[in-house]
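Take a look at the model below. Keep the sequence at hand while reading.

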Amino acid sequence: MRQKARRSVNPVTSETDAREISLRPPFMGPDQYSSKLLGSEFPILVVTARADPSTSLQTNETKMHILEIGADQDDESTARAADAVFRTVPRDHTTFLVWKITESGTELVPRSQYGTFYDAEAYLVYSCSLPGHPAGPDVIRREIKENGECSERHIHAWCGERAGQLGSAALARAARLAAHLPAPAVLHREHATKESPRLLSYFKDGIRIFRSGATTGGARLYRVRGARPLLLQLEPVCWSQLASDGVFVLDSGALLVLWLGRTANLIEKIFGAKASFNKGSTTRRIVIAHDGYEQTLPVAERTLFAGLLEPRTRVVRSAPAPEAPRPARLYRTAQPRMPHAALTLPSQRPAARLEEVKRAPLYREDLTDDGIYVVDAGNRGVWAWVGGGAGSGAARGALAAARGLARARRYCGPVSCCAAGREPLEFAALFHRWRWCDARRDVRLRAARSATTKLDAVSLATNAWLAAEAQVPDDGSGSLRMWRVQRADEPAVPAAALAEVERPQHAVFYDQDCYIALYTYHAPTGEQSVLYYWMGGSSPNELRDLGAKEAKDLYVKLGRLPVQAWVYQGKEPAHFLQIFKGRMITYVGSATDYDPSGRRVLAPVRAMIRVSGQYAREARGEEVRSGAGGAPGQEARGACYVVREGARVWVWCAACATGDEREVAKNMAAAEHTLVMQGKEKSDFWTALGDRRHLLVATPLKEVERPLPPRLFYVSFGPPGQYSFEEIISVSQYELAPEIAAVLDAHASVFVWLGALCCPRAKDDARNIAATYLAHGVLRVRPRNLKKTQLVPVVTYVFFQTMF
């Protein structure tokens with residue numbers, strides 16, 4: 001029997017300042033993982049807002065909203081039928097299955113109907129695939145061997161807008177399916193037209209949502225939406241359904257009209273044309289009507305169109321303003337507090353609470369193994385995370401808590417729940433410094449870092465994975481030209497703002513300067529160029545803006561052929577370091593401190609250089625001075641140092657330094673030097689070091705970072721200066737259509753990819769696209785100490801399709 005939910009509203013008063021969300025835990029069923037994630041009856045959600053002086057969200061009054069959330073229980077006969085259906089699901093093989101949920105049972109959907117949904121029904125989608133392999137209807141059936149490489153299991157409970165209680169039934173059966181599987185699965189609660197990127201990624205040709213019970217005769221109106229297009233049937237057929245940022249297909253039987261909004265996305269236009277052609281085939285007429293130009297249609301087609309949409313009642317909705325991304329918030333479920341007079345309910349059951357822990361940036365260390373957490377990621381969905389050490393009592397209702405938070409925030413996007421150790425990429429990307437476990441990638445990364453084979457352009461062209469992991473297009477043996485951006489107040493400044501460096505291979509940089517480097521190498525497809533723009537960590541914003549303008553002008557003069565790359569001090573990519581053969585050193589100050597002309601970038605005769613890296617593609621040196629670099633009290637540390645005092649050079653190596661690090665430091669010295677090991681220093685070394693002795697601090701080798709896999713985002717263009725980004729799961733080169741602009745986030749680097757047929761605005765605004773993504777993008781929050789005109793320090797590349 002289904003239990004009715006109780007609704008009540010009570011005033012809440014409290015002296016505590018903590019922001020919390022209170023939730024009555026649901027009934028605890030069998031002690032299984034699925035029972036921990038889902039509730040089995042309606043819990044009661046209580047949202048308590050209190051004044052918080054530490055945040056900008058302050059309120060002078062206290063309110064409480066009680067909502068009903070959760071999932072109904074299936075009756076015993078329906079549960080037995082669901083269990084019988086799920087017994088046929090392969091437990092140890094990759095697969096992809098879809099079921100339709102009815103009140104009396106669960107029906108398997110035939111493969112020919114995959115991707116077709118009806119708005120008055122609910123569906124269950126189960127995907128099991130191997131990491132790094134595509135998922136969906138075309139998944140290759142393979143045996144899963146849990147030998148250090150976990151399978152990716154996802155269960156999606158999809159509910160149409162008019163499905164009613166079928167959505168709750170789909171959640172209950174998702175729990176039963178999860179209990180049948182041998183390993184935890186990620187559960188997703190999907191809403192029609194607000195599907196998660198992962199669900200959309202299964203269907204390469206998009207999904208279709210039709211109106212249940214729609215009449216077969218008469219005109220039908222469809223809207224195309226999203227980068228992974230969704231075809232949505234709309235009723236009634238009228239002007240109020242049309243929007244200036246949309247693509248619509250009007251099917252009148254004898255005529256198909258493709259209506260294009262004036263600000264519609266190019267990908268949606270392409271998919272709308274394909275949908276019209278597939279519907280019309282060769283037997284019906286297809287016409288294209290542009291927003292505001294309907295009267296230019298041929299007379300016969302215009303008459304038919306006017307019979308369906310009266311021109312005198314034409315009203316087209318304008319495009320809504322893009323929603324500003326909100327920083328993610330992290331909540332932790334707390335144990336019930338009893339007694340709590342303000343939360344007295346008819347059932348007298350205690351209320352669990354969601355207490356806000358912090359706001360973005362979030363880190364993996366914020367999650368404890370014995371806790372249950374909910375992450376409010378705004379338009380990226382709401383996530384519940386179950387720690388491996390959480391008890392059965394504490395883990396009850398994790399997904400129900402996330403759903404309740406979504407209801408309280410009035411979110412209608414996806415709500416998901418995952419267990420510790422089974423986090424998908426979408427969840428891990430909400431956190432900084434998340435260590436991604438992938439045994440195959442670790443092996444490749446180690447092989448790429450220690451590769452002794454030739455890394456020339458020809459060899460890398462035949463070894464794609466090595467080129468991707470090493471992040472170098474060649475071995476750095478090409479030609480190099482370099483310019484230093486000059487300030488307007490510098491003495492002896494020529495008419496040009498750029499001063500070419502006479503000997504760029506000496507690899508001398510200063511942290512108050514900006515440099516432009518043009519590197520040319522020979523590839524199998526011909527001569528290729530990379531235009532690097534390097535910005536010092538202490539360079540002023542005015543100089544950076546001037547350098548950006550000069551770099552763009554040089555790029556235009558070169559016919560827009562080079563790959564553009566913006567590089568920040570300390571974030572130099574492997575190829576940039578490879579060009580200088582592992583001898584790049586950044587000094588404190590400006591080049592004009594040692595040469596007023598600025599053309600000869602000379603190194604100071606007295607310097608202490610901290611060396612990092614184990615290979616030439618990782619080696620960088622940075623001058624260490626008291627009070628320079630980093631926050632006060634945080635001195636730079638390293639395993640190896642190069643000390644230069646006039647003509648004498650010492651290479652100091654800590655006891656924890658590896659052999660590779662010592663070799664990198666010797667190469668960095670680039671002169672006859674004396675090797676000094678920690679604990680065996682002589683008096684002449686301490687004399688040369690002088691008052692810098694306290695800076696010589698040894699630190700052990702850092703473990704190699706294991707970044708997240710890359711993520712791809714399609715770029716949509718709004719009004720000037722506004723961009724939106726839509727994530728595409730399961731990245732492959734198939735996704736890079738010639739008509740699009742895309743951002744590939746490799747976490748250490750960001751690539752802006754411009755198709756050969758993309759709009760001219762994308763080609764001119766490539767830098768603004770990267771700046772918008774980094775400053776207000778999907779993954780990151782602007783650091784507090786970063787000025788408005790600065791970019792987040794990540795390497796940014798711009799690629800055109802012809803460069804591949």
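This is a predicted model: local features need pLDDT of at least 70, side-chain atom pairs count only at pLDDT 80 or more; totals for chains, interfaces and linings use all residues.

Residues are numbered from 1 along each chain as its sequence is written, and side-chain values use heavy atoms, without hydrogens and water.

Start with the cores. A nonpolar core is a set of buried Ala, Val, Leu, Ile, Met, Phe, Trp, Tyr and Cys residues joined through side-chain atoms within 4.5 Å. Buried means under 20% relative accessible area, exposed over 50%, and partly exposed in between, with a 1.4 Å probe and protein chains only. The largest core has 75 residues, and Leu124, Ile155, Leu177 and Val374 touch the most other members. Helix α3 (residues 166-180) gives the most to this core, 7 residues. Helices (H or I, at least four residues) and strands (E, at least two) are DSSP runs, numbered from the N terminus. A second, separate core holds 42 residues, including Met482, Ala507, Val563 and Ala607.

Val374 also has contacts (heavy atoms within 4.5 Å). Beyond its neighbours within four places in sequence, its partners include Arg329, Tyr331, Leu354, Trp383 and Leu405.

Next come the rings. Rings of Phe, Tyr and Trp (its six-membered ring) pair if their centres lie within 6.5 Å; planes under 30 degrees apart count as stacked, over 60 as edge-to-face and the rest as tilted. The count is 34 aromatic pairs. Tyr373 and Trp385 form a tilted pair, because their centres are 6.0 Å apart and their planes at 50 degrees. Tyr373 belongs to strand β19 (residues 372-376) and Trp385 to strand β20 (residues 382-386), so the pair ties together parts 12 residues apart in sequence. Both Tyr373 and Trp385 are buried.

Phe713 and Tyr773 are tilted too, with centres 5.5 Å apart and planes at 55 degrees. This pair links distant parts of the chain, 60 residues apart: Phe713 is in strand β35 (residues 711-717), Tyr773 in helix α17 (residues 766-776). Phe713 is buried at 0% relative accessibility, and Tyr773 is buried at 1%.

Two arginines sit over rings. The rule asks for NZ of Lys or CZ of Arg within 6 Å of the ring centre and within 35 degrees of the ring normal. Arg364 lies over the face of Trp434, 5.0 Å from the ring centre. Arg693 has its charged end over the ring of Trp686, 3.8 Å from the centre.

Last, the helix. Just after α12, Gly559 takes a positive phi of about 75 degrees.
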